[in-house]
Amino acid sequence: MTESTSDTTSTATAGTSTAEVWEPHAPTAAGGLRPLYAEGLDLRVSGTGTAQGVADGVVEVTAEGAGEVRIEWRVPCVDATALWTPEPRGTGWLPAAWSAPRRTSLANGAPIAALVGTGDVALCAFAAGRPDVLAGAGVVEETGEFRFWAQATDRLTVRIDTSRRHFGRALADLAAWWGEGRTADIPEAARRPAYSTWYSMHQDITPKGVETQAALGKELGLDVIIVDDGWMTADRTRGYAHCGDWEPVSLPDTAAHVQRVHDLGVRYMLWYALPFIGKDSAAYRQIGHHVLADAAHMGAIVADPRQPEVRAFLTDRLARAVEEWGMDGLKVDFVDWFARVDAPPAGPGADCESVDEGVERLLAEIRRRITAADPEAMIEHRQPYVSPGLWPYATMIRATDCPLSPQENRQRTIDVRLAAGPVPVHADMLMWHRGEPAEQVACHLINVLFSVPQVSVDLATQTEAQREAIAFWLGVFREHTATLQLGELLPARPDLGYPMVTARGTGTVAVARYAALPVDASGDDWRTLLVANADADPDVRLTGGRGQAAVTVQDARGRIVRQGEVELDRADTIAVPRGGLLTLRRA
């Protein structure tokens with residue numbers, strides 16, 4: 001381990017990289033940059049900088065100074081295939097160095113990225129130790145290098161990983177660094193398959209409708225129901241003008257209704273658009289003058305969380321669901337709307353200047369109130385508010401909306417998984433046309449195999465074949481939770497949208513195959529190898545395996561189509577129907 005220090009007072013260059021980079025979207029680093037030694041990096045900092053090795057190929061760099069400080073580094077862009085980020089549509093290409101930087105905050109994004117190379121290695125991955133960072137990354141046209149930089153106020157620490165491990169392992173270690181000192185208090189129910197009313201009902205919420213879907217879902221393996229927009233209004237035209245009062249207009253006698261759902265053995269969560277105070281609500285007349293932003297096209301304002309009055313009002317409204325009605329948790333939506341680069345100065349009565357601080361106080365008080373009423377209470381957050389600073393206030397993070405888009409759901413859930421640390425990741429709600437064949441229903445589920453599935457179709461109208469596919473694959477999720485959700489996640493080819501994903505657990509390896517790619521069966525560490533086939537090509541080719549294994553092939557509905565024994569070193573291909581599952585077991 002080595003440590004170096006520099007005190008920056010003027011602009012300088014280092015190593016072979018002398019080209020200035022055009023930055024039309026980013027501020028110039030105050031005070032200029034000076035070189036700072038770190039093995040394998042062309043590293044520069046503003047302010048006072050230190051660099052210290054913390055593991056093989058991993059360096060921790062800190063810059064301190066008055067005002068904005070920047071840490072910048074470059075690596076040769078050799079054999080590079082993609083820049084990975086946890087943002088929707090953020091992965092799969094190499095941006096130019098002059099591209100607009102990302103601004104992350106407590107309420108939006110996470111300061112983490114990876115340059116991925118051939119063989120899925122991390123050519124360079126990094127994470128910042130604070131949530132509020134301006135960061136850029138891209139190809140320097142003049143030199144063929146890849147340049148990273150991160151900037152924040154007064155003090156900034158980043159970890160930079162050039163170990164060339166699988167990028168999933170590098171990102172997992174960076175997320176673990178974020179989680180040092182934090183305890184994961186995740187209820188078991190947060191990892192159970194759920195039913196959501198959004199795509200299936202939209203705002204047409206009734207007690208009978210909710211209870212019907214909860215009962216049908218429980219039969220199939222859905223242990224939680226999440227009631228979305230519509231419960232607090234009789235209006236069915238969407239929009240958010242009725243948010244803020246949070247009265248159960250469409251769910252009368254709410255506590256009794258919740259108890260009926262509980263009697264089915266189903267947990268119940270309720271949706272809230274946390275920042276919005278609708279202009280048609282009574283709440284608008286009470287706190288609508290505390291405006292962080294005007295969301296006129298939404299029919300609402302974004303309330304200012306720096307105001308204690310706002311936080312107390314919102315906390316009381318949300319906590320009521322658990323404290324009075326017996327709900328098991330909250331779906332807390334639109335937190336990213338608090339992330340404003342144009343936030344006005346805090347008004348009279350505010351008790352903090354920072355919007356992020358106000359958001360954190362609000363979320364902390366909501367979590368405190370509902371867990372005081374129910375220690376197992378759950379809270380769902382949603383991409384893009386995936387910052388590790390929010391981990392203490394969430395028990396699940398859902399991929400952002402991508403209706404009827406299995407590949408997009410796959411990519412978003414994997415991207416969030418790689419940076420979510422201990423917090424369970426949920427898929428966007430699965431929906432499909434009523435004529436969808438059972439094989440494609442299974443493929444929808446296989447595409448989110450490494451997350452917690454949420455289903456949002458009218459279960460009463462599903463065919464028997466569709467129901468069998470749902471029940472079979474939800475059973476796979478439930479039986480193999482330890483591997484699928486908690487195992488080591490090793491996705492392949494982010495530049496191609498992850499055509500194959502592997503999770504390695506204790507004695508079990510699970511592979512999802514989304515393209516006609518060979519499956520690695522090597523190693524002596526597995527006793528069970530699962531291969532889920534979401535590709536139209538049924539011929540699954542196994543490579544690297546040895547010894548004998550028992551083989552079971554099931555179709556999309558769970559029906560066994562082959563059983564027997566195979567010699568892995570002689571096996572060429574095994575036919576697995578689309579939407580089906582291959583299970584290999586060794587003694």
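Predicted model: local features only at pLDDT ≥ 70, side-chain atom pairs only at ≥ 80, totals over all residues.

Let's start with the aromatic rings. The count of aromatic pairs comes to 16. One of them joins Trp 231 and Trp 246, whose rings are stacked, with 5.8 Å from centre to centre and 25° between the planes. Trp 231 lies in the loop between strand E13 (224-227) and helix H4 (254-263), and Trp 246 is also in the loop between E13 and H4, so this pair ties together parts that are 15 residues apart in sequence. Trp 231 is buried, and Trp 246 is buried too.

A tilted pair is formed by Tyr 240 and Phe 276, with 5.3 Å between the ring centres and 55° between the planes. Here distant parts of the chain are linked: Tyr 240 sits in the loop between E13 and H4, while Phe 276 belongs to strand E15 (residues 276-278), 36 residues apart. Tyr 240 and Phe 276 are both buried.

Now for the backbone. Most residues other than glycine have a negative phi, and most peptide bonds are trans. His 202 has a positive phi, near 50°, although it is a residue other than glycine. His 202 is found in the loop between helix H2 (198-201) and helix H3 (207-220). With a relative accessibility of 27%, His 202 counts as partly exposed, because that value falls between the two cut-offs given above. Asp 154 is not a glycine either, yet its phi is positive at about 75°. Asp 154 lies within a strand, E11 (residues 145-161). Its relative accessible area is 40%, so Asp 154 is partly exposed as well.

The peptide bond to look at is the one joining Gln 383 and Pro 384: this bond is cis, with omega about 20°. Pro 384 is in the loop between strand E19 (378-382) and strand E20 (396-398).

The helix packing involves H9 (residues 438-446) and H10 (residues 464-479), whose axes come within 8 Å and cross at roughly 25°. Angles under 35 degrees count as roughly parallel, and H9 and H10 are therefore roughly parallel to each other. The crossing of H9 past H10 is right-handed. On the H9 side, the contact is made by Ala 438, Val 441, Ala 442, Leu 445 and Ile 446; H10 contributes Ala 465, Gln 466, Ala 469, Ile 470, Trp 473, Leu 474 and Phe 477. By class, that contact has eleven nonpolar residues, one polar residue and no charged ones.

Finally, a strand residue on the exposed side of the cut-offs: Gln 563, in strand E30 (residues 560-567), counts as exposed at 57% relative accessibility. Setting aside neighbours within four places in sequence, Gln 563 is in contact with Val 551 and Thr 552. From Gln 563 to Val 553 the C-alpha to C-alpha distance is 6.5 Å, and the two are ten residues apart in sequence.

Conventions
Residues numbered from 1 in each chain as written. Heavy atoms only, no water. Axes fitted to C-alpha atoms, helices over the stretch in contact; angles between N-to-C directions. Helix = DSSP H or I, 4+ residues; strand = E, 2+ residues; numbered from the N terminus. Parallel < 35°, antiparallel > 145°, perpendicular 65-115°, else oblique. Left-handed = near helix turned anticlockwise from the far one by under 90°. Contact = heavy atoms within 4.5 Å. Nonpolar A, V, L, I, M, F, W, Y, C, P; charged D, E, K, R; others polar. Buried < 20%, exposed > 50% of the residue type's maximum accessible area, 1.4 Å probe, protein only. Phe/Tyr/Trp six-rings, centres within 6.5 Å; stacked < 30°, edge-to-face > 60°.
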